[in-house]
Amino acid sequence: MSPSDSTLTANPVEAAFRALLARVAEARPRERLDLLERAFEFSWRHHADQRRRSGEAFIMHPLAVATILHEMRMDVVCIAAGLLHDAVEDTPATHEEIRAAFGPVVAHLVAGVTKIDRLDFSSQGARQAENVRKMLLAMVDDIRVILIKLADRLHNMRTLRHLPPDRQRAVALETMEIYAPLAHRLGMGKMRGELEDLAFSFLEPDAYEQVRRAVEGRRKVSEEFLAQVRERVERVMAEHEIRCRVEGRVKRFYSIWQKLQRQAIEIEQVYDLLALRIITGSVRDCYAALGVIHNTWHPVPGRIKDFIAIPRPNGYQSLHTSVIHESGQPFEAQIRTEEMHRTAEEGIAAHWKYKDGQLAPESEDERLAWVRRLVEWQREMRDPAEFLATLKVDLHPEEVFAFTPKGQIIRLPRDATAVDFAYAIHTEVGNRCVGAKVNGRIAPLRYRVQSGDIVEILTQAGHAPSRDWLAFVKTSRARHKIKHWINLNERRRAVEIGRRALERDARRHDIALKPYKEADWVRAGQEYGFLRSEDLYAAIGYGKLSARQVLARLVPPEQRAALAGPPRATPRRAAPSGAAILVRGFSDLMVYRARCCNPVHGEAIVGYITRGRGVAVHAEQCANVQNLIYQSDRRIDVGWAPRAESPQPVKLAIFTDDRAGMLNSITAVISESGANIRNIAANTGSGQATIDVVLEVRDLQHLQAIQAGLKKIAGVHDVQRLYKL
Ligand code: MN
């Protein structure tokens, strides 16, 4: 039997195979065990010289895969294919040889697994979409290919610790993203659970250890608790003549971790950490058992789920309820029939039963239903990538998977927006995005991306990110990139403002800047601790230094006197609208009144350096300032010029009784004060009136006098300043 030595009955390989054979023989007495013997012999001969990374003979791997397939209650054809699954990929054996030796079905299964093995799962970006499509095709062709692949992956995960760390990570990630969700889709709860826990232990070893320790620490208590509850359940069920068996289970580590993460709770608060499975003989008994459970313990509201009436898409059926034990410990009860239980554990494998090498007739419908469902899934998706998204969406609700128009998968945290999506593609796409098309329709930038969305980002050359985006972006990548851009730009702007301030002040004091070279500026900057001249300009732009101060350091001592004196009179120009506002340390900077509050002369104000538009001046009372929308690092000291300026528009809301002559009284008070009325509008109703008036005032004093005058009018209850015109 051994390829090289027939005396090795004590050989561990031989022993392992004999053990498998005995188990198969017991479970499937009428099947062709010679097929397994020949497959094993063939596989062993071909893998004879190979070792796994762990050092053990390679043949132990196909043997383990075959054993897992047997445990999944697969037929001998499938188990034989499991023994041979790596023969074509890793040995000189050919498809034709396998076909000749084991027949077309085994050969077809091995070819399917080989095909999947040859897919490149490692490419990032357009990640896996195409591959999953191929897998799907293989799946629809013969689902056993996928089952063998899952068994293969399960054994590889069980032995993953022997691989180098980077491979561990890659394989674990692929398992988490592709194989565990696939097992889930196929309803294979046990397979999915083990794959997830194994992958979890490699992907997040610290978290895994944390959960493991927490569960282990409670194991004794949990087991005692479950045993006690189980006994009680068995008793009350017997009293109500409900025949059932009861199993206790502790939730899997990865599901616990997900729940802790998602709900930010402690392990004690996980309702279904401990669960009891009550397996009955009929659907009617399931509902009866639910009633009994609720009579025995207090149910947690909102935690009753009827997956019998509405099965999960993967066919899972069960009643779930969470109840509170007398001790205060919550636990979950899952109530289902034997058949539902088997489906939950084994999924599609439970429907893939053979009798005497033939598909069992009663399984046929189920099997076809499965395949039909898979085909439907595939058809419903315009893009194979969408299939991947739906595979993942059940499992990873904290993430969304959306697609570029070219089918590239973009993975984002839940609630991520179109802007996050844009930055996930490329920084430049993010910086220039002006809008998005989601599934062909225009959507706002703050649109929350949903799994399966096809998102096209609309960009415009020269467009810049907005600080407003920071209020809604979800990914740290987008946040970081936006902040980076804004900082860079504000600095650029500050440098420019600084330069202009220097030039202007120099001109005013008749200082020629031409003779000064870069080295002179660097020297002047060094006195303030700056290494580069740009830093010096920026400091002026940010208002940390005044231009005059800096000029004094730059020029030779004899010229400093010029700076001390008053500025040379500049030719009078048409004053820009903001000329009445001074920015400390500057003169004639681009300054404008913020339109959100339109401050009037004399009012308390603050300035903010804006991107490319100079300094915006807000009233201190402005809602935007109060709400800290603006960052303090952009804040700059501003003050009013001593001289009054041209009148400024202000809007007032006057609350009055609705009586004849009210408008006249109001306009009279305003005209007497010398203010111009630009616009007046009255709203009346139920004896009251609101009169909105836009008038032009010289300064705050002027405004306050008018407000006081208006309040004195009989029937006027209140006068309010509306900051936005
Ligand atoms: Mn393998």
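**View 1. Surroundings of Ile 98 in the predicted model.** Setting aside the neighbours within four places in sequence, the residues in contact with Ile 98 are Phe 42, Leu 84, Ala 87, Val 88, Gly 103, Val 106, Ala 107 and Val 110. The structure shown here, as in every view below, is a predicted model. Ile 98 and Leu 150 are the residues with the most contacts inside the largest nonpolar core, which has 100 residues. Helix 8, spanning residues 143-158, supplies nine residues to this core, and that is the largest share.

View 2. As a general background to both views, nonpolar side chains in soluble globular proteins tend to be buried together.

View 3. Four residues coordinate the manganese ion, namely His 61 and His 85 through NE2, and Asp 86 and Asp 152 through OD, at 2.2 to 2.3 Å. Along the chain, the donors of the ion follow the spacing H-x23-H-D-x65-D. Because His 61 lies in helix 3 whereas Asp 86 lies in the loop between helix 4 (76-84) and helix 5 (87-90), this pair ties together parts that are 25 residues apart in sequence. Asp 86 has a relative accessibility of 7% and therefore counts as buried, the cut-off for that class being under 20%.

**View 4. His 61 and the residues around it.** His 61 is placed in helix 3, which covers residues 60-71, and with a relative accessibility of 1% this histidine counts as buried. A polar contact of 3.2 Å links the side chain of His 61 to that of His 85, and both histidines are also donors to the manganese ion. When neighbours within four places in sequence are left aside, His 61 is in contact with Arg 52, His 85, Asp 86, Asp 152, His 155 and Asn 156.

**View 5. Arg 499 in helix 20.** Arg 499 belongs to helix 20, which runs over residues 476-508, and at 38% relative accessibility this arginine counts as partly exposed. Although Arg 499 and Glu 534 are 35 residues apart along the chain, their C-alpha atoms are separated by 9.0 Å in the model.

Definitions and conventions:
Residues are numbered from 1 along each chain as its sequence is written. This is a predicted model: local features need pLDDT of at least 70, side-chain atom pairs count only at pLDDT 80 or more; totals for chains, interfaces and linings use all residues. Side-chain values use heavy atoms; hydrogens and water are left out. A nonpolar core is a set of buried Ala, Val, Leu, Ile, Met, Phe, Trp, Tyr and Cys residues joined through side-chain atoms within 4.5 Å. Buried means under 20% relative accessible area, exposed over 50%, partly exposed in between (1.4 Å probe, protein chains only). Helices (H or I, at least four residues) and strands (E, at least two) are DSSP runs, numbered from the N terminus. Contact means heavy atoms within 4.5 Å. A polar contact is a pair of N or O atoms within 3.5 Å; within protein, one must be able to donate a hydrogen and the other to accept it, and residues adjacent in sequence count only if both atoms are side-chain atoms. Donors are N, O and S atoms within 2.8 Å of the metal (3.2 Å for Na, K and Ca); water is not among the atoms, so sites may look incomplete.
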